[in-house]
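Me: Hi! I would like to learn how to read a protein structure. Could you walk me through one?

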Amino acid sequence: MFKNIATFLTLAAFLLMGAGCKREMHASLYDDGSTPSPITNTTVQNLPGAAEITYSLPHDNNILYVKAEYEIRPGVKREVKSSYYNNSLLVDGFGNTNEYKIQLYVVTRSEIQSAPVTVTVKPLVPPVVATFNSLTVGEDFGGLIINYLNNAKADLAIHTLAADSTGAMVEANTNYTTLPSGRYTIRGFDSTSRKFSFFVKDRFGNISDTMKATYKPLYEKLLDKTLFRTVVLPTDVKDDWGLPMQNMWNNGYTDFWDMFHTQTQSFPMWFTFDLGITVKLSRMALWQRQSPAADWAYNANNPKKFEVWGSTSPDVDGGWNNWIKLTDHEVVKPSGLPLGQVSADDIAAAAKGEEIPIPLSMPQVRYIRFRILETFTNSATNIAEISVWGET
């Protein structure tokens with residue numbers, strides 16, 4: 001008898017478990033499967049390359065979102081959705097100021113669409129066009145210098161093509177930016193006349209017109225580092241840790257200890273070296289201590305803010321009367337990540353070196369003085385390598 005009771009209880013338990021494992025079905029309390037009413041009272045505010053559409057929603061608890069469907073170019077469709085909590089949506093991606101038809105739908109929780117409401121928008125000048133129109137290009141040492149405006153802070157790419165030895169136009173540089181304005185250089189060209197062309201592209205695939213012109217980059221030469229010499233003036237910071245200044249021009253910067261390291265003292269601090277020749281400078285490049293890059297790039301004693309000064313006859317007492325400031329410079333981490341964190345872009349930028357342009361208006365110099373205003377964390381300075389270009 002007890003055996004039969006045990007069997008019965010076991011069977012009942014299994015039946016109860018089976019009942020408890022049945023799939024639960026969830027459905028909206030308001031979903032009746034009906035077609036929703038369309039939006040009403042639409043208004044349009046045209047924006048650069050975009051438009052904001054405001055509307056009134058129907059009184060329907062089953063609405064999930066409003067959807068906009070449109071083409072930004074023939075055959076290129078976009079879809080934008082806005083929650084039922086909102087009464088507006090932004091349509092973007094337009095590459096000109098033409099009129100565009102926007103189809104707007106109310107969509108329920110059962111994905112049933114209302115009849116469309118058609119709205120016409122006419123975007124203002126889009127960023128891809130405005131930035132292209134702002135481009136100014138000038139000849140610079142070994143290449144070109146390009147200025148632009150991007151007031152909308154749009155995600156843009158500025159493309160530069162250059163004629164190769166056969167006359168074919170090939171990609172020479174692509175500068176990606178979301179900054180409101182900027183200036184950058186393209187290097188690596190000899191001092192011969194060459195055709196260049198420029199255009200801007202946005203993240204939606206819109207492409208601006210193309211600007212074409214012929215430029216002759218100014219002559220520059222990488223200076224011979226075997227001529228560089230350490231100069232120690234009375235007010236200059238001294239080296240430390242057995243890591244002398246000449247480590248900055250031995251063409252090595254990937255080894256952990258291959259660098260110039262100063263003593264620890266308050267900022268500003270400065271040091272001086274001799275280029276070996278008098279030259280009109282075009283630019284410099286500075287490499288941080290970066291091995292391993294994840295630990296040292298944009299960190300510790302690497303320079304963050306500094307000035308570069310030049311002279312042909314330094315003050316023997318270490319003063320500043322015979323010096324001229326060539327440029328101010330700040331090292332900016334590409335990713336913008338907090339101190340101690342680096343991205344792949346940061347590591348690549350550190351390996352490439354920090355370019356320091358020298359204005360064309362600066363006179364010839366022979367002696368260089370770095371005046372360090374700030375490093376990333378500490379009260380000493382280290383620099384792995386320096387290269388210098390100029391017109392000799």
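Me: Which residues do ring pairs link into a cluster?

Reply: Good place to begin, and keep in mind that this is a predicted model. The cluster is made of Phe228, Trp249, Phe260, Phe271, Phe273, Phe306 and Phe370, joined through ring pairs.

Me: How many aromatic pairs does the structure hold?

Reply: There are 22 aromatic pairs. Take Phe271 and Phe370, whose rings are stacked, with 5.6 Å centre to centre and 5° between the planes. Planes under 30 degrees apart count as stacked, so this pair qualifies. The pair links distant parts of the chain, because Phe271 belongs to strand 18 (residues 269–287) and Phe370 to strand 22 (residues 365–375), 99 residues apart.

Me: Are Phe271 and Phe370 buried or exposed?

Reply: Phe271 has a relative accessible area of 1%, so it is buried. Phe370 also counts as buried, at 1% relative accessibility. The cut-off for buried is under 20%.

Me: What kind of aromatic pair do Trp309 and Trp320 form?

Reply: Theirs is edge-to-face, with 4.9 Å centre to centre and 65° between the planes. Trp309 lies in strand 19 (residues 303–311), while Trp320 is in the loop between strand 19 and strand 20 (324–330), 11 residues apart. With a relative accessible area of 16%, Trp309 is buried, whereas Trp320 counts as partly exposed at 25%.

Me: Now for strands. In what order do the 3 strands of the open sheet come?

Reply: First the general idea: strands of a sheet pair through backbone hydrogen bonds, in either a parallel or an antiparallel way. In this structure, 3 strands make an open sheet in the order 1-2-5, with antiparallel pairing. From one strand to the next, the twist averages 20°.

Me: Why is one side of strand 1 and of strand 5 left without a neighbour in the sheet?

Reply: Strand 1 (40–47) and strand 5 (88–92) stand at the edges, and each has a single partner strand, so one side of each has no neighbour in the sheet.

Me: How many bridges join strand 2 to strand 5?

Reply: Strand 2 (residues 50–56) is joined to strand 5 by 5 bridges, and the two run antiparallel. To find the spot on screen, look for Ile53, which stands opposite Leu89 in strand 5.

How values were computed: Residues are numbered from 1 along each chain as its sequence is written. This is a predicted model: local features need pLDDT of at least 70, side-chain atom pairs count only at pLDDT 80 or more; totals for chains, interfaces and linings use all residues. Side-chain values use heavy atoms; hydrogens and water are left out. Rings of Phe, Tyr and Trp (its six-membered ring) pair if their centres lie within 6.5 Å; planes under 30 degrees apart count as stacked, over 60 as edge-to-face and the rest as tilted. Helices (H or I, at least four residues) and strands (E, at least two) are DSSP runs, numbered from the N terminus. Buried means under 20% relative accessible area, exposed over 50%, partly exposed in between (1.4 Å probe, protein chains only). Two strands pair if DSSP finds at least two bridges between them. Axes are lines fitted to C-alpha atoms, for helices over the stretch in contact, and angles run from 0 to 180 degrees between N-to-C directions.
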